[in-house]
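I am opening a notebook page on this two-chain complex. The plan is to go through the contacts between the chains, then look at single residues.

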Amino acid sequence: MKLSLADLLFYAVAVATLATAAYAVFTRNIVRAVFSLLGTFFGMAILYGMLSADFVAVVQVLVYVGGILVLLLFAVMLTANIESARLSSPAAGWSWGLLAAVATGIILLPLALEAPWLQRELDVAGPGTATIGRSLLGNMLLPFEAVSVVLLGVVIGAVVVARLRRGGQDGEVQR
Amino acid sequence: MIQVGLQHFLMVGALLFCLGILCVLTRRNAVAVLIGIELMLNAAGLNFIAFARHQGDLAGGSLLVLFVIVLAAAEAAVALALILAFRRQVRTLDVDQIDSLKG
């Protein structure tokens, strides 16, 4: 078996994705953690592209990098004291978290490697956007509409929650 | 190093999920906990797409992941609002100190 260029690219992207994710997890500087996530999300988009899921890759970049990452940056910049950013994400005790993570890894990794997954011979996958669009307005119409209702609720709920102000002496909540 | 197949993507997903669990359980800043949740959602999405690609129904897997991504964005927006409200009410983001349900 000879390694093709695509295989080498996969290994490079996978290592970069995991390394940036690990840095985001282990650094104590929350600003650096968020910027490190940029690499993770882009790496995930490239991995989606390697699996020929072109539309998902584009949505990953649009929503995660363009939306969620910016939201996280807003959360950091609006809450953290920039002067104390170096120590802005302290770790609670490592023991239980490490135990849970290692236990999950012990279960998941051998499962991923050794389980007899059903695998078909890979065919060449063309652009899948047309199929996805037809499906969203066809048999997946109900979930699609349900998600738009959820998004409307989220927009209203987020504005209401973020606008709550602490009241005066009597502690009543003013809007 | 062998040729890339389904197992490789599952490995990346599993490792990413473990990192997410570690982040959620050990970090004390609420924003860092949110980062861990996003990592876990990404790991699940990668598994969805990998399975879908290797079982011939890429569009179905893509749809699931699209819904996951949209709901992750919604969750991040609500979490940001909650974090801002917490910051204003209790002056801290330490999840170990935010332990009362009534501000």
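**Entry 1: α5(A) against α3(B)**

I looked up where α5(A) meets α3(B) in this predicted model. On the α5(A) side I found T131(A), I132(A) and S135(A). Facing them in α3(B) are A59(B), S62(B) and L63(B). I sorted this contact by class and got three nonpolar and three polar residues, with no charged ones.

Next I checked the geometry. The two axes come within 9 Å, and they cross at roughly 65°. The crossing of α5(A) past α3(B) is right-handed.

I also wanted the confidence here. Helix α3 of chain B spans residues 58-90 and has the lowest mean pLDDT among the elements of that chain, at 88. The highest, 92, belongs to helix α1 (residues 6-26) of chain B. For chain B as a whole the mean pLDDT is 86, and 95% of the residues reach 70 or more.

**Entry 2: R87(B)**

I stayed on helix α3 of chain B and picked R87(B), which lies in it. Is R87(B) exposed, partly exposed or buried? I count 16 C-beta neighbours inside 10 Å, so R87(B) is partly exposed.

**Entry 3: α2(A) against α2(B)**

I moved to the pair of α2 helices. In chain B, α2 covers residues 30-54. The axes of α2(A) and α2(B) come within 11 Å and cross at roughly 5°. Angles under 35 degrees count as roughly parallel, so α2(A) and α2(B) are roughly parallel to each other.

I listed the residues that make the contact. From α2(A) they are I30(A), A33(A), L37(A), M44(A), L47(A) and Y48(A). From α2(B) they are V31(B), A32(B), I35(B), N42(B), L46(B) and I49(B). By class I get eleven nonpolar residues, one polar and none charged.

**Entry 4: the whole interface**

How many residues does each chain give to the contact? I read 73 from chain A and 65 from chain B. On the chain A side, the elements giving two or more residues are α1 (5-26), α2 (30-50), α3 (54-79), α4 (94-114), α5 (129-136) and α6 (141-163). The most comes from α3(A), with 14 residues. The chain A side divides into 55 nonpolar, 15 polar and three charged residues.

I noted the predictor's scores for the complex too: ipTM 0.89 and pTM 0.87.

**Entry 5: chain A overall**

I then read chain A on its own. It has six helices and zero strands. Along the sequence, the pattern is α-α-α-α-α-α. Of its 175 residues, 24% are buried. I also checked contacts in chain A between residues at least 6 apart in sequence: 56% of them join residues at least 24 apart.

**Entry 6: S52(A)**

Last, I checked a backbone angle. The phi of S52(A) is near 60°, a positive value in a residue other than glycine. Most residues other than glycine have a negative phi. Where is S52(A) found? I placed S52(A) in the loop between α2 and α3 of chain A.

Is S52(A) buried or exposed? I count 20 other C-beta atoms within 10 Å, and the cut-off for burial is 20 or more. S52(A) is therefore buried.

Key:
Residues are numbered from 1 along each chain as its sequence is written. Chains are lettered from A and ligands numbered from 1 in the order in which they are written. This is a predicted model: local features need pLDDT of at least 70, side-chain atom pairs count only at pLDDT 80 or more; totals for chains, interfaces and linings use all residues. pLDDT is the predictor's confidence in each residue, from 0 to 100. Helices (H or I, at least four residues) and strands (E, at least two) are DSSP runs, numbered from the N terminus. Two residues are in contact if their C-beta atoms, placed from the backbone, lie within 7 Å. Ala, Val, Leu, Ile, Met, Phe, Trp, Tyr, Cys and Pro count as nonpolar, Asp, Glu, Lys and Arg as charged, and the others, Gly among them, as polar. Axes are lines fitted to C-alpha atoms, for helices over the stretch in contact, and angles run from 0 to 180 degrees between N-to-C directions. Angles under 35 degrees count as roughly parallel, over 145 as roughly antiparallel, 65 to 115 as roughly perpendicular and the rest as oblique. A residue is buried if 20 or more other C-beta atoms lie within 10 Å of its own, exposed if 12 or fewer, and partly exposed in between; C-beta atoms are placed from the backbone. A crossing is left-handed if the near helix is turned anticlockwise from the far one by less than a right angle, and right-handed if clockwise.
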